[in-house]
Amino acid sequence: MSDTEEPVDAYQYYRYLRENTPVSRVDDGPWQIARYNDVLDVLRDEKTFSSDVSTRPPEDRRSPSMLFSDPPIHNRLRKLVSRAFKPSHIESQRILIESQSEKLVSAMCMNSRADLVQSLAAPLPVTVIAHMLGVADGDIQVFKQWSDAIFGNIADILFASPSPEAEAAGEEMDAYFLQRIEEIRRQPADHLLGRLIETETEDGHLTNAELLSFCSLLLIAGNETTTGLITASVRIFDEFPESFYQLKQSPQLIPGFIEEALRFYSPFSATVRRATRDTTIGDTEIGKGDLVLPLMASANRDQDIFDQADSFIIDRNPNPHVAFGFGVHFCLGAHLARLEGEIAVTSLTRQLESISLVEDDHSQMSVLGGPTELLVDFKPAA
Ligand code: HEM
């Protein structure tokens, strides 16, 4: 692509950045970091690149969330939460996830066209998180509405003022969980929230404000991202139809498919840091206080790291993608996200004969969490 040619989609734009301006900024905005090694350097150096990016005054903020805090606050929160988030606890969700996923895909099969987001990709993760937090079945729909309102407004929540809808959703959700926390303190419960309330280490225990902050973090970090992984998988089936038939015949390829889907269309496409001192990335000088955006979706297509980076290779090995981040903030829910992705893809390849997109609209693929609607045509298996 020449300097004057307009990139057509986000992935062409990322390639353009990697090849021409790997560390760049538009006007006085944040610096975009496009190359794999630079992204890794930023993510691994939490002292120079802080996650505490909010510009809202401290008295105006919620209790610090793990994602947007630095050590030592981050260490304490992460240690406490990790106890309740062990792989064995996540693995115990398998039966619930399988039954939900099979049920949702069966319901989809009543027709031959559906919005994949509404039918499977959104309800599956929200139901899983709701169960982990002990949200009653009848409350899941409203829980999803809070999630949409909060996630849809994340930039303003951090840097400006939340919209009235996001503010109201946050308050309603806090009131709901505060009541649940009080109930669970009286009658302990064996789910994630129950374990979070009980967990006590040498660092003490989580306060109510920290528990509430973690409940909304799960929505921000764990919900729409997993929706994005499921929609990305189906887009890949449409673009590379042989991958669908390969998985139908050889389900043992599914874990590798999910890793490659995470690399190919990374649902958490970029994150944000703030420079704590004057520094450099590559040859570019970054000023203290500047915002920096490591573009993980771009890093994952870096042709210096990944052979045939723009090809989808179902059994790519090694596959050192950074779709779950890197360093101290590495995704706490990676195991759960992989499990949900694998189970959703298993249901789709088991219950369907074929699946394709109704429209080939690429515009939402680099948006955090992927498209909000994805119409698909499919044929149920005989
Ligand atoms: C495909 C789905 C997912 C993707 C691509 C993803 C990606 C990420 C990334 C890139 C980060 C690091 C962000 C940064 O460094 O600024 C992160 C952090 C986090 N994720 Fe995930 N995530 C996914 C699913 C989940 C799920 C299902 C959960 C939990 C239910 C979850 C919980 C978290 C938490 C708590 C953090 C903060 C960790 C910390 O700050 O120490 N994520 N995720």
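**Helix packing**

Tutor: In this predicted model, helix 5 (residues 94–108) and helix 7 (residues 123–132) pack at an angle of about 150°, and their axes lie 10 Å apart. The crossing of helix 5 past helix 7 is right-handed. On the side of helix 5, the contact is made by L96, I97, Q100, S101 and L104, which meet P123, L124, T127, V128 and H131 of helix 7. Sorted by class, the residues of this contact of helix 5 with helix 7 comprise six nonpolar and four polar ones, with no charged residues.

A second pair can be described in the same terms. Helix 8 (residues 140–151) packs with helix 10 (residues 164–186) at an angle of about 140°, their axes being 8 Å apart, and the two helices are therefore oblique to each other. The crossing of helix 8 and helix 10 is left-handed. Helix 8 contributes F143, W146, A149 and I150 to the contact, while helix 10 contributes E165, A166, A169, G170, E172, M173, Y176 and F177. The residues of this contact of helix 8 with helix 10 divide into nine nonpolar, one polar and two charged.

Helix 17 (residues 334–351) can be considered on its own: it has 18 residues and reaches 26 Å from its first C-alpha to its last, close to the 26 Å expected at 1.5 Å a residue.

Conventions:
Residues are numbered from 1 along each chain as its sequence is written. This is a predicted model: local features need pLDDT of at least 70, side-chain atom pairs count only at pLDDT 80 or more; totals for chains, interfaces and linings use all residues. Side-chain values use heavy atoms; hydrogens and water are left out. Axes are lines fitted to C-alpha atoms, for helices over the stretch in contact, and angles run from 0 to 180 degrees between N-to-C directions. Helices (H or I, at least four residues) and strands (E, at least two) are DSSP runs, numbered from the N terminus. Angles under 35 degrees count as roughly parallel, over 145 as roughly antiparallel, 65 to 115 as roughly perpendicular and the rest as oblique. A crossing is left-handed if the near helix is turned anticlockwise from the far one by less than a right angle, and right-handed if clockwise. Contact means heavy atoms within 4.5 Å. Ala, Val, Leu, Ile, Met, Phe, Trp, Tyr, Cys and Pro count as nonpolar, Asp, Glu, Lys and Arg as charged, and the others, Gly among them, as polar. The expected span of a helix is 1.5 Å times one less than its number of residues.
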